[in-house]
Amino acid sequence: MNKSLIKFISNIFPGLVASYAYRQVTSPQVRKLREHELAVLDRANKEILAFKGFDIQLYHWAGGDKRVLLIHGWEGQAGNFSDFIDPLLAKGFSIFAFDAPSHGFSSKGSTSMFEFIELVGLLIRKFEVKKLISHSFGGVATTYSLYDNPDLHIERYALITTPDRFSERIDDVANKAGISKRAKDLLIKRLKQEIDKDINALNVSDFVPSVKVEKALIFHDKNDRVIPIEISRRVHQNWPASSFREVEGTGHFRILRTPEVIDEAVAFLA
């Protein structure tokens, strides 16, 4: 739908446009995988997990005794980590990954960030992992899950970019769609009623100081056009257990295929 048209309609029918924006927030659009990424997924042992009415696709690459879970971003999927698989196997890791509800090869339907969060906590327990790698929104899902499950203890955690405030996600959807402030306020009200939480209180930088992570390492490209680097820096500044690596020339997605980032992340975990 044309952005200027949405802006015009949102001033007249804010409720209608708020419903449109709600579908944007709860209906991920997933990119197709490259042939190489599909080939790496084909090498994994696969399992289906029933979760919240979804068939969740799980992946396992058998390796050594060390275990790591890969957590993709919103509108991402396990195949995005394909370039990490062989370096992790070479360091003696057994690797676990998944496609979140309505992502990748999992079944489709309306979903939410809170189903994603709950699934991450469930899989950390299921696979008994102490080491994690996340990309983008996967950092929100993981840190919130650890905050919400204080008994979970993680030794090493590599975050390949991370958002911070959930309200910024709403602002991003509103700005890209061109919806009015009134329609955005109705969207926030609907989300608040549905999840029974204050949207403005869902900030990674607020709850990371209390998560049980021994050491974290955050990577971010200084010219990331999806998540500005200042957002990851904000998380780092509030997280005493974290270190920060600024990279350049990778962007938000190619950072997952950048050899120096992969090598440093794997060395950090190992």
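How far apart are the end C-alpha atoms of helix α6 (residues 137-148)? They are 16 Å apart, which agrees with the 16 Å that its 12 residues should span at 1.5 Å a residue; the expected span is 1.5 Å times one less than the number of residues. Welcome to a predicted model, in which local features need pLDDT of at least 70, side-chain atom pairs count only at pLDDT 80 or more, and totals for chains, interfaces and linings use all residues. Residues are numbered from 1 along each chain as its sequence is written, and side-chain values use heavy atoms, with hydrogens and water left out.

**Helix α6**
- Of the 12 residues in α6, 10 are buried (under 20% relative accessible area, 1.4 Å probe, protein chains only).
- Among these buried residues are Phe137, Ala141 and Leu146.
- They pack against several elements, including α5 (113-127), β6 (154-160) and β7 (213-221).

**Ser134**
- Ser134 sits in strand β5 (residues 131-135) (strands are DSSP runs of E, at least two residues; helices are runs of H or I, at least four).
- Ser134 counts as buried because its relative accessibility is 0%.
- Its neighbours in contact (heavy atoms within 4.5 Å) include Ile71, Phe81 and Thr142.

**Nonpolar cores**
- The largest nonpolar core has 55 residues (buried Ala, Val, Leu, Ile, Met, Phe, Trp, Tyr and Cys residues joined through side-chain atoms within 4.5 Å).
- Helix α5 gives the most to this core, with nine residues.
- Phe116 is one of the residues with the most contacts inside this core, and Phe116 touches Phe137 and Ala141, among others.

Key: Buried < 20%, exposed > 50% of the residue type's maximum accessible area, 1.4 Å probe, protein only. Lists of a residue's contacts leave out its neighbours within four places in sequence.
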